[in-house]
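Me: Here's the model I want to go through. Keep it short and start with your terms, please.
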Amino acid sequence: MKTRKLPKLLYADSQGNIFDHPYLTMAGMSGDEAVLPESVELIPLPEDSRLFTIPDTPPLAWDERQGSFVTVSRVKEGRRSIAVQAVSAFMAPGYMRTLLPACDYSKKKVHLPLWSYTAVGWDEERECFVVAATRVDDNENWLPKNYDDRKLDPLVRRMVADFPENRLIEQLSRCAVDYHCFAAKNLFFRRWEAPIPTSPVCNSRCLGCISLQPSDCCPSNHERIPFVPTPEEIVELMLPHLLEAPDPIVSYGQGCEGDPIMQADTVAEATRRLKAGSSRGTVNFNSNGSMPERVRMLCDAGMDSMRFSMNSVQEGFYNAYYRPKGYRFADVVESVKAAKQKGLFTMINYLVSPGVTDSPAEVEALLRFIEETGVDMLQMRNLSIDPDFYNQRMGVHGKGIGMYRLLEQVKKAFPRIQYGYFNRTRERFYPSGFETGWPVKS
Ligand code: SF4
Ligand code: SF4
């Protein structure tokens, strides 16, 4: 069998022009350790992904001639030697990264903004960029090509005019137009999954919260909803969506508001009314799951599915990232169990990062967690945060077993576990052949 040559290192000059290196090989990083990607985890850069540079941070590469990893601070161009910086990919949704960009992060001078950073290289044989990643969801609804702002603007104006007294539509128009939130855009396109922001407050203080950065990371990029909508305001907008949209889902809590569990009474009342008004569609609740009693009450109100966010199934890592106020990790676990026991399709919004998520202790804890909770799906979401900052905060040293290997191990132990990236309509909770739904066939 012909063995594939390893991809070449990508680097950028100070102007951000990107080049492939003539002989150095692409590396990736698991935790704080440089590694060579396995061929199974190298896939062509998905369409709609982007490349960007990591400022003032030299890349690491594999030097075949020396048989070691090297820091590439400068590259010769003719007679000149130029300072170079690392290149990273930001992938289209639906793909889980398996390696971080390999860099000498000690040289980095700034906190990187809240994106997810993925190792990328240049494959000479295939003549394409390749990333260390695997596809975990085949839903293509969320691709940017489906969100044409020229079509959106008139729809936003019309719907805002239709509901002049509704504060929620005003908020959602800002989410769609100013923040370019695809979920909010879906409401105006009247299709697929639409969001229901409800909460200005949260009882977690996540290091990478995109709607609130009280401390030492980077500035948040969304302003939270400043009020709690009434059940009437919610139902007025969401009931027509459930009744008319193709593949309709309405979802509380999308991570850039506070947490909807803080507004459980409003959410429960709105849900009861939505369910009474439509037998069509899926009502989903995304949350930190910090209050199991409220989760039970919301299940009884008629929720179809719930997704609970966590960066880790180990209390130490969880606390270091979520910094919970007034609840414990055990409460989150109880919420997951409660939702499953109440018969809901139950998912984890698993905020993954190579080196943390695939560390041997996390893998072991994850297998126990799946067994104990009966959770249906792991949404493998690339945690959007400066990877070096995150690794330091988690106290990570060394590498994991490999993200691809992690997926293999979990699937082997629990064939019924589904991987994914997006919420599902209830008709697709358990699609036929779901036990063999990963690796996703492209
Ligand atoms: S709060 Fe965030 S997720 Fe929700 S609609 Fe607005 S921008 Fe989108
Ligand atoms: S749970 Fe969500 S809203 Fe709350 S701090 Fe974390 S990311 Fe932000």
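Reply: By buried I'll mean under 20% relative accessible area, with exposed over 50% and partly exposed in between (1.4 Å probe, protein chains only). It's a predicted model, so local features need pLDDT of at least 70 and side-chain atom pairs pLDDT 80 or more, while totals for chains, interfaces and linings use all residues. Residues count from 1 along each chain as written, chains are lettered from A and ligands numbered from 1 in written order, and side-chain values use heavy atoms, without hydrogens or water.

Me: How many aromatic pairs are there in the whole structure?
Reply: 19. Ring centres of Phe, Tyr or Trp (six-membered ring) must lie within 6.5 Å; planes under 30 degrees apart are stacked, over 60 edge-to-face, the rest tilted. Trp-62 and Phe-69 are edge-to-face because their planes sit at 65°, with centres 4.9 Å apart.

Me: Is Trp-62 buried or exposed? And what about Phe-69?
Reply: Trp-62 is buried at 16%, whereas Phe-69 is partly exposed at 32%. Tyr-321 and Tyr-390 also pair edge-to-face, 5.9 Å between centres and 80° between planes.

Me: Where do those two tyrosines sit?
Reply: Tyr-321 is in helix α7 (315–322) and Tyr-390 in α10 (387–394), 69 residues apart. Helices here are DSSP H or I runs of at least four residues, numbered from the N terminus. Tyr-321 is buried at 3% and Tyr-390 at 0%. Both belong to an aromatic cluster that also has Tyr-318, Tyr-322, Tyr-327 and Phe-329.

Me: New topic: which charge sits over Tyr-419?
Reply: Lys-411, 6.0 Å from the ring centre. Arg-65 lies over Tyr-23 at 3.9 Å.

Note on methods
A charge sits over a ring if NZ of Lys or CZ of Arg is within 6 Å of the ring centre and within 35 degrees of the ring normal.
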